[in-house]
Amino acid sequence: MSDPLDDLSRRGVSVWLDDLSRQRLATGSLADLVAHDHVVGVTTNPTIFAKAIAGGDDAYAGQLHDLWARGTSVEEALRALTTHDVRWACDVLRPVYDATDGVDGRASIEVDPRLAHDIQATIAEARALWWRVDRPNLFIKIPAARQGLPAIAACLAEGISINVTLIFSLARYDAVIEAFLDGLERARQAGRDLSSIASVASFFVSRVDTEVDARLDKIGTPAAAGLRGRTAIANARLAYQHYEQMLTSPRWAALAAAGARPQRPLWASTSVKDPAYPDTRYVTDLVAPGVVNTMPEATLRAVAGHGQIPPDSVRGHYQDAQQVLSQLQELGIDYDDVTASLEDHGLDIFDASWRELGDQLAAALRRPREGHPREESGK
């Protein structure tokens, strides 16, 4: 019987889960996915954490009580909860990390998205998270906003492994590649072991179709209708072409000779938002060697159930992909405006989720736990 997730892995695609919660860890759900469903990594973000922690998950009750009893601030409580979960996930994934020589078996934690436009604060936050989780198979997620690029290079130079997130445009991806090469060159100059520094570049997929399709629908012509659902995959395929170009550059050759590992493309936002589209399209249409596809569990199950995995659905399609972007331009859709809007909106979503999570924790930390009154000093 065919196993599509195994087929995907054999094609060179690392299957990661885009979800994490204390309950998933405590029940062994993540460990089960690793053992039986070819999952070799996990990603999360402020929205996922907000859903997990603010959703009334009893698995957090004990730690929340202790944080309340200590009079912990909201910011400190937030970091204590999230780093605990990510450290636990790193431990679950450690056998994969060891078996793949550090290629997979990784978990990610994101810097506070409110710091996205502050270079020094982002660097300081990344250092603090790297120290606090204290696991070699950790990724620190830093958004690919323009101000984040120097922080990405600086952290890589210090030996911190980075998941660069919220990439939408090819130009921004080129800048991310530049930051990656710069960071590794600085790490080499500092005498660091380049083989211990890892990075992925998270290129967001389905959100591109959501934004472009809405603009195509406003145009309303047959030509516009014919482009619906084609932009996201075309965009990602061209990103892989840029990745291949990086691998043939003299700068990369020098770094690879010094032991560096490539910054792998990671396909994020792979759940289908439009029910008219096949529920596996952002997986099966983006099969190429040396990439990561991080999926919510519903997408993972869809692929496992009926995914048809081709040998390669990226490298033979560069010309078609470029034609899609050219046709958008002919229709008057500004690619740069689309991707800039998506980046701004993505940062806003994560920022709002972070603030919502903070509000939820503030309320929880103000409430005395039933049966556990806190005595105030001097009373």
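This is a predicted model: local features need pLDDT of at least 70, side-chain atom pairs count only at pLDDT 80 or more; totals for chains, interfaces and linings use all residues.
Trainee: What makes a space a pocket, and how much space lies in the largest pocket?

Mentor: On a 1 Å grid over the protein atoms alone, a cavity is a set of points where a 1.4 Å probe fits but cannot get out, whereas a pocket is an open set with protein on both sides within 12 Å along at least five of seven lines, and lining residues have an atom within 4 Å of a point. The largest pocket holds about 540 Å³ of space, a volume being the space filled by probe spheres set on the points, with grid points joined across faces, edges and corners. Its lining has 27 residues, and the closest to the centre are Asp18, Asn45, Thr47, Ile48 and Pro296.

Trainee: Which element gives the most to that lining, and what makes a stretch a helix or a strand?

Mentor: Helices (H or I, at least four residues) and strands (E, at least two) are DSSP runs, numbered from the N terminus. Helix α4 gives the most, with 4 residues, and the elements that each supply at least two residues include α4 (46-53), β5 (162-167) and α17 (335-366).

Trainee: How do the lining residues divide into nonpolar, polar and charged?

Mentor: There are 9 nonpolar, 12 polar and 6 charged residues in the lining, where Ala, Val, Leu, Ile, Met, Phe, Trp, Tyr, Cys and Pro count as nonpolar, Asp, Glu, Lys and Arg as charged, and the others, Gly among them, as polar.

Trainee: Why is threonine 43 called buried?

Mentor: Buried means under 20% relative accessible area, exposed over 50%, and partly exposed in between, with a 1.4 Å probe and protein chains only. Threonine 43, in strand β2 (residues 39-43), has a relative accessible area of 3%, and therefore it is buried.

Trainee: What makes the link between threonine 43 and aspartate 18 a polar contact?

Mentor: A polar contact is a pair of N or O atoms within 3.5 Å; within protein, one must be able to donate a hydrogen and the other to accept it, and residues adjacent in sequence count only if both atoms are side-chain atoms. The side chains of threonine 43 and aspartate 18 are joined at 2.8 Å, so the distance falls within that limit.

Trainee: Is asparagine 45 buried or exposed?

Mentor: Asparagine 45, in the loop between β2 and α4, has a relative accessible area of 11% and is therefore buried. Leaving out residues up to four places away in sequence, asparagine 45 touches Glu110, Lys141 and Phe350, where contact means heavy atoms within 4.5 Å.

Trainee: What makes a nonpolar core, and which residues of the largest one touch the most other members?

Mentor: A nonpolar core is a set of buried Ala, Val, Leu, Ile, Met, Phe, Trp, Tyr and Cys residues joined through side-chain atoms within 4.5 Å. Of the 121 residues in the largest such core, Val86, Ile140, Ile162 and Tyr173 touch the most other members. Valine 86, placed in helix α6, has a relative accessible area of 0%, so it is buried. Apart from neighbours within four places in sequence, valine 86 is in contact with residues including Leu20, Phe49 and Leu138.

How values were computed: Residues are numbered from 1 along each chain as its sequence is written. Side-chain values use heavy atoms; hydrogens and water are left out.
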